[in-house]
Amino acid sequence: MASAVVQSLSLPSRRDVEQKTTKKSGKETPALLERHVKHPLQHRWALWFYKNDKSKTWQENLSLITKFDTVEDFWALYNNIQVASKLSSGCDYSVFKDGIEPMWEDPQNKCGGRWLITLSKQQRHTELDRFWLETLLCIIGEGFDVYSRDVCGAVINVRAKGDKIAIWTTNAENREAVTYIGRKYKEGLGLPMKIIIGYQAHADTATKSNSITKNKFVV
């Protein structure tokens, strides 16, 4: 599925990037290729990591790891960090557009919400890493057409009771944009029609009185 999404988004695959080199004097010079043939993304993105250390505040546990703005730099990063399924329980990865922090309070997020995928404990070993990669390819590849501008980023939560993946958007009241993103996201993950995913407004999640947040939209 990942290769299919890469192709549909016109992003070179890992294999394409790694195999392309420029020869000079009979020697391969990947540095020369890197300097001249990188494929820019439409936005610059930032990778954040959250580690649940109970001795620290939530914001102290959140760290900015790095930023990237080319296809090649994305694959280099993805290939050199721990896959999500190997993270300790309580950890998160977040990938957001540069300038947007992965928290409800950020001005770009506070009126928005998230399309949420909830996985069982068993799916950590079968689906989690694939779903997370597909999610990243969707957002950095501008896979939602004109409504890609409404996407803020994506988050993966690794938890003992079950993992979660979400795409965050900037305006929970923009039904047209939100539902379009949801349908394309579901398609990108290859989920069957019978599987329903829900969109939750951050404001509703922040004020919920129990562990369940009502879905604002479903696809």
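Colleague: Happy to start with a helix: how far apart are the end C-alpha atoms of α6?

Modeller: Helix α6 covers residues 128-140, which is 13 residues. Helices here are DSSP runs of H or I with at least four residues, strands are runs of E with at least two, and both are numbered from the N terminus. The expected span is 1.5 Å times one less than the number of residues. That gives 18 Å for α6, and the model agrees, because its end C-alpha atoms are 18 Å apart.

Colleague: Before we go on, what kind of model is this?

Modeller: Residues are numbered from 1 along each chain as its sequence is written, and side-chain values use heavy atoms, with hydrogens and water left out. Local features need pLDDT of at least 70 and side-chain atom pairs count only at pLDDT 80 or more, while totals for chains, interfaces and linings use all residues, and the model itself is predicted.

Colleague: How many of the residues of α6 are buried?

Modeller: Buried means under 20% relative accessible area, exposed means over 50%, and partly exposed lies in between, using a 1.4 Å probe and protein chains only. Among the buried residues of α6 are F131, W132, E134 and C138. The helix is largely enclosed by the rest of the structure, because the buried count is eleven of the 13.

Colleague: Is the ring pair of F68 and F74 stacked, edge-to-face or tilted?

Modeller: Rings of Phe, Tyr and Trp (its six-membered ring) pair if their centres lie within 6.5 Å; planes under 30 degrees apart count as stacked, over 60 as edge-to-face and the rest as tilted. The whole structure has ten aromatic pairs. For F68 and F74 the centres are 5.7 Å apart and the planes are at 50°, so the pair is tilted.

Colleague: Are F68 and F74 buried or exposed?

Modeller: F68 has a relative accessible area of 3%, and F74 has 4%. Ring pairs also link these two with W75 and Y78 in a cluster. F68 is buried, and F74 is too: buried.

Colleague: Which atoms bring K38 and D73 together, and how far apart are they?

Modeller: A salt bridge is a side-chain nitrogen of Lys or Arg within 4 Å of a carboxyl oxygen of Asp or Glu. K38 sits in the loop between α3 and β3 and D73 in helix α5, so the pair ties together parts that are 35 residues apart in sequence. K38 is partly exposed at 26%, as is D73 at 26%. The closest N and O atoms are 2.7 Å apart.

Colleague: Which residue does R159 meet in a salt bridge?

Modeller: R159 lies in the loop between β7 and β8, and its partner is in strand β5, so parts 67 residues apart in sequence are tied together. The N to O distance is 2.9 Å, and the partner is D92.

Colleague: Which strand gives the most to the lining of the largest pocket?

Modeller: The lining has 22 residues, with D92, W104, R114, N157 and R159 nearest the centre of the pocket. Nine of the lining residues are nonpolar, seven polar and six charged. With three residues, the strand that gives the most is β8.

Technical notes. 1 Å grid on protein atoms, 1.4 Å probe; cavity = no way out; pocket = protein on both sides within 12 Å on 5 of 7 lines; lining within 4 Å. Nonpolar A, V, L, I, M, F, W, Y, C, P; charged D, E, K, R; others polar.
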